[in-house]
Amino acid sequence: MLAKLALRNVRRSVRDYAVYFVTLLFGVAVFYAFNSVRNQSILFDLGSSSASAFELTANFLGMFSVVIACVLGFLVVYANRFLIRRRKQEFGTYLLLGMRPGQVSAIVLMETVCVGAISLAMGLALGIGLSQGLSFFTAGLFNIPMQQYRFIFSPDAFSQTLLCFVLIFVVVALFNTLSIRRYKLIDLLGARNRNERFRVRNPWISLAGFVVAVAVLAWAYVTLIHNGLVYFDGEFWKATALMLVGTFLFFWSVAGFVIAVVERTRGVYFRGLAMFTTRQIASKVNTAFLSLSVVCVMLFFSLTVFSTGAGLVQLFTGNVEEGTQYDATLAANLYLALDNVNEDKLAEMQAEDAQAAADYVAAQEARAAEVRAEAEKWDWSIERRLAEAVPDWDGFVKDAVQVDMYQPKRDTTTYGELMDRFGVALGSKEQNEGLRPQNVGMVGVSQFNAARALAGREPIEVGEGQFAVNNAFEMTEDLSRSMAQRGTEIVVDGQTLVATGEYVEQMLSTTTFSNDAATIIVPDAVIDGLRAAGEAPYASYLDVDYKVDRAEGDQLLYAALAQTLPPDQQQAGYGWQYRSAPWPVTVVTTANEVIEQSGGMRMMITYLALYIGFVFLITTAALLAIQQLSETSDSLPRYRLLAEIGCDRRMIFRSLATQVVVYFLAPLALAVCHSVCAVGVLGESMFEQLGISVTDPVLMTVAFTAVVYGSYLLVTYFASRGTVRASLGKRLLG
């Protein structure tokens, strides 16, 4: 008997609260699908970089799944709280008819088990299907054709999803059981009457709270705009705390403030059902201001993640084509040894122990002398050093070009002088301060043209006493174009050079992120003069093209390096195949690695953005939907009273539509304000400086939010209208 009653209640709940069940179904499906990413790697023939990208993405998704599980758990518990509250009178009737509290609790427990089982079964089935689609989506992210598709089932994701949602529903069952046992019969039977009271705060207190909320939010925005979003420092956390406090105060006070304003606007307040509608909304907001604050923050997080996710993908993967013009690059970062005296560390050591400071300087100078001696032995040629030790170097290397980057320390124009001369600054204060004291970087024209030829591009001409400008970094484009203006003069090692007017954008190494920023291209005689004066390059790149395909060439290159430059014990322990040193090879970057890493970053960022953003969006929309449906059920006596005094159904449904729209749009509007500030600051401090536009991601976010959030709004309205229509009946609706 109890089981039959529980099943009937579940069928009725599915009909009345379809939003709740659909959200649970999507929650389970998405939870399983994204946690099954690790098992997708078996579909593809991937290199080590891509395989590790799957592992890294799976680990990140696993960490965020804990947050997602808490969010979904909050949704389930919170929605059940509203469902239980709505059914208090029903439970009171059960007790009045002779049921014991334990029997009522048993009914609720069976309903919870039934709902959980249905949600899990349907959600897991949908999730398994969705995970198959994600396999094809992943193949697209890596630009890999899906040639041999196999059905993938992830036992780990299945068990993780099952365990997570079983725990959630166990908590829900305990919560429901304890709630039923705690209520008294008189409380249950009188619950509907107590819900009829409007809750409106003192308008003057609300006005004061609203003013404080706006001031606190403005303070948060100003702090964030001033500080930027590049560093998560104290100012960032201060802005975050102010935003949270301001959001809470806003929803605590806004209803009383708005109703006070509307009441004094006679032409609005006394028109139609505006009085009833305003007080309905105000009562609901005053009751649920805490949950609305949480919803607003979650919406803000969802919108921000969606808006910036695509920008981050472009940041990490946008230069893949330009950064893979060469099959591989062997980089020697000589500044690690030749100019490696940490001035701050030295000052601290001198204050504490002068001898220790002197020993530190001596050790650094000895290391620099050792590196310089080895490089000079081979005339700074990385290829000569390797070709001498690798017998089959010419067997797999088709062509190799070395590019040496110089930054003279004496009598040379600094970037700060150029920025002042042209009135051009970079994106942030920290970036400006980091670049200003540096002398202009340069490269010889013959090496530059050799690198362009290897990339299949035409050479440039730079005569004696002239220079051209190379820049492949968006943040320094304005400065570089100003430097390249014909007639601009720059001093290099005491010699004045004049700009030819030519500006080019050429990557000089295989890389994900370009570091070829505002570099001048000078005659070879200038470089020869620097070399004669004892100047050393701060970095050297050996760009290599293979005679074989890239995969085979990479294997041969690493095998040659392992033979020629075997790693020491510490480096071998970290998995290095060769000895990393300031010269001849600090790090090797191959085109295949860049492509695989970019695909991995694209997959990780895209999946995280979709996973977090989608779950948070449907969760917030479902919370609002459940609350509004519950409010509609509680307010049915009021709607019947309106019908009895002569209000037609258009007025009633128009009032209901206004309530739903305002209740959904209020937290969304404030969340949009938060997101506009955060995305705007992030775009200005990072994306725009790197030539990445956030316009397209923002438009996609708007469209996606409108579809998902708007769908929940419409479903909520039509479900609420159906509840009101069924309650009033044909006679009262006329």
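This is a predicted model: local features need pLDDT of at least 70, side-chain atom pairs count only at pLDDT 80 or more; totals for chains, interfaces and linings use all residues.
Residues are numbered from 1 along each chain as its sequence is written, and side-chain values use heavy atoms, with hydrogens and water left out.

The secondary structure comprises 31 helices and nine strands; these are DSSP runs numbered from the N terminus, with helices being H or I of at least four residues and strands E of at least two. Of the 734 residues in the protein, 51% are buried, where buried means under 20% relative accessible area, exposed over 50% and partly exposed in between (1.4 Å probe, protein chains only). The protein exposes about 33500 Å², of which carbon and sulfur atoms supply 59%; accessible areas come from the Shrake-Rupley method with a 1.4 Å probe, and for residues only the protein chains shown count as cover. Among contacts (heavy atoms within 4.5 Å) between residues at least 6 apart in sequence, 83% join residues at least 24 apart.

An open sheet of five strands has the order β3-β7-β4-β6-β5 and mixed pairing; two strands pair if DSSP finds at least two bridges between them. Strands β3 (442–444) and β5 (489–492) are the edges, each pairing on one side only. From one strand to the next the twist averages 40°. Strands β4 (residues 466–470) and β7 (residues 519–522) run antiparallel and are joined by three bridges, with Val469 opposite Ile520 in β7. Helix α23 (residues 445–454) packs on this sheet and touches β3, β4, β6 (495–504) and β7. The direction of α23 makes about 80° with that of β3; axes are lines fitted to C-alpha atoms, for helices over the stretch in contact, and angles run from 0 to 180 degrees between N-to-C directions.

Strand β8 (residues 539–546) pairs with β1 in the antiparallel sense over five bridges, and Tyr541 of β8 is the bridge partner of Ala331. Eight bridges join β8 to strand β2 (residues 397–405), again antiparallel, and Met405 stands opposite Ala539. In a regular strand the side chains alternate between the two faces of the sheet. Both faces of β8 are covered: Ala539, Tyr541, Asp543 and Asp545 are buried on one side, and Ser540, Leu542, Val544 and Tyr546 on the other.

The largest nonpolar core has 104 residues, and Phe165, Ile652 and Tyr712 have the most contacts inside it. A nonpolar core is a set of buried Ala, Val, Leu, Ile, Met, Phe, Trp, Tyr and Cys residues joined through side-chain atoms within 4.5 Å. Helix α28 (residues 591–634) gives the largest share of this core, 18 residues. Not counting residues up to four places away in sequence, Ile652 touches Leu273, Tyr639, Leu642, Ala643, Cys647, Val724 and Leu728. Another core, of 28 residues, lies apart from the largest one and includes Leu330, Trp378, Val397 and Val588.

Gln325 is found in the loop between α15 (320–323) and β1 (328–332). Gln325 is buried, because its relative accessible area is 15%. A polar atom of the Gln325 side chain lies 2.8 Å from the backbone oxygen of Glu322. The side chains of Gln325 and Gln506 make a polar contact (3.3 Å); the term denotes a pair of N or O atoms within 3.5 Å, where within protein one must be able to donate a hydrogen and the other to accept it, and residues adjacent in sequence count only if both atoms are side-chain atoms. Leaving aside neighbours within four places in sequence, Gln325 is in contact with Ala455, Arg457, Gln506, Met507 and Asp545.
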